[in-house]
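Visitor: I have not looked at this structure before. Please show me how to read it, one feature at a time.

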Amino acid sequence: MTQELFEEKARAKVCSLISCISGGDFESISSVAQIDPSWCSEGQTQEEGIQDFGEWLTKQLELWSEDYGTEFVVDPFDEEHLSLDPLSDGRSLSEYTPTSNGEPLDFWFELELTEEGDDLLLCFNVNI
């Protein structure tokens, strides 16, 4: 896969992931990406790990909203917040820094993109 094609596919995958997250559509994430196995307790499926992530994120945003007296959300995808590392040996470790109302949140998404044939697999994690 060329670097140009990788970047195009990676942007599209990350955009889909962030769109699911910002829209609160956590059920659709598994059709776009996997979550890091650290989110899955023993015997849990990817979908259950993603559900746990969704619950954590929702509670975290609610907590910040209460503490600061303003609504916290995850803004829609903004390419400026995506830092793509080049594809090397079929793999890229990249980051996306989400915002709420244009302001950076106190965490970012670690993105592992792995080349698989003509496609990319996306696995994400949260770094606090």
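Visitor: Is asparagine 125 buried or exposed?

Guide: A caution comes before the answer: this is a predicted model. To decide such a case, take the relative accessible area of the residue; under 20% is called buried, and over 50% is called exposed. Asparagine 125 has a relative accessible area of 15%, so it is buried.

Visitor: Where is asparagine 125 found, and with which residues is it in contact?

Guide: Asparagine 125 belongs to strand β7. Neighbours within four places in sequence are left aside, and the contacts of asparagine 125 are then Asp36, Ser38, Trp39, Trp108, Phe109 and Glu110. With tryptophan 39 there is also a polar contact between the two side chains, at 2.8 Å.

Visitor: Which way do β6 and β7 run, and how many bridges join them?

Guide: β6 and β7 run antiparallel, and nine bridges join them.

Visitor: How many bridges join β1 to β7?

Guide: Two bridges join strand β1, residues 34–35, to β7, and this pair runs parallel. Here glutamine 34 stands opposite cysteine 123 of β7.

Visitor: How does one look for a pocket?

Guide: Rolling a probe the size of a water molecule over the atoms shows where empty space is left. In this model, the largest pocket has a volume of about 160 Å³.

Visitor: Which strand gives the most to the lining of the largest pocket?

Guide: β7 does, with four residues. β6 (108–116) and β7 (119–127) each supply at least two residues of the lining. Among the lining residues are Lys13, Gln34, Glu112, Thr114, Leu121 and Cys123. Sorted by class, the lining has six nonpolar, four polar and two charged residues.

Visitor: Where does valine 74 lie, and is it buried or exposed?

Guide: Valine 74 lies in the loop between α2 (46–68) and β2 (82–83). Its relative accessibility is 6%, so valine 74 counts as buried. Beyond its neighbours within four places in sequence, valine 74 is in contact with residues including Ile21, Ser22, Leu57, Leu61 and Leu105.

Visitor: Is serine 92 buried or exposed, and with which side chain does its own side chain make a polar contact?

Guide: Serine 92, in strand β3 (residues 91–96), counts as buried because its relative accessibility is 1%. Its side chain makes a polar contact of 2.8 Å with the side chain of serine 94. Once neighbours within four places in sequence are left aside, the contacts of serine 92 include Phe6, Asp85, Leu111, Glu112 and Leu113.

Visitor: What is the phi of aspartate 89 and of asparagine 101?

Guide: For aspartate 89, phi is near 55 degrees, a positive value in a residue other than glycine. Aspartate 89 sits in the loop between β2 and β3, and with 82% relative accessibility it counts as exposed. Asparagine 101, which is not a glycine, has a positive phi of about 55 degrees. The place of asparagine 101 is the loop between β4 (99–100) and β5 (103–104). Its relative accessible area is 55%, so asparagine 101 is exposed.

Note on methods. Residues numbered from 1 in each chain as written. Predicted model: local features only at pLDDT ≥ 70, side-chain atom pairs only at ≥ 80, totals over all residues. Heavy atoms only, no water. 1 Å grid on protein atoms, 1.4 Å probe; cavity = no way out; pocket = protein on both sides within 12 Å on 5 of 7 lines; lining within 4 Å. Points joined across faces, edges and corners; volume = space filled by probe spheres on them. Nonpolar A, V, L, I, M, F, W, Y, C, P; charged D, E, K, R; others polar. Buried < 20%, exposed > 50% of the residue type's maximum accessible area, 1.4 Å probe, protein only. Polar contact = N/O pair within 3.5 Å; in protein donor to acceptor, adjacent residues only side chain to side chain. Contact = heavy atoms within 4.5 Å. Pairing = 2+ DSSP bridges.
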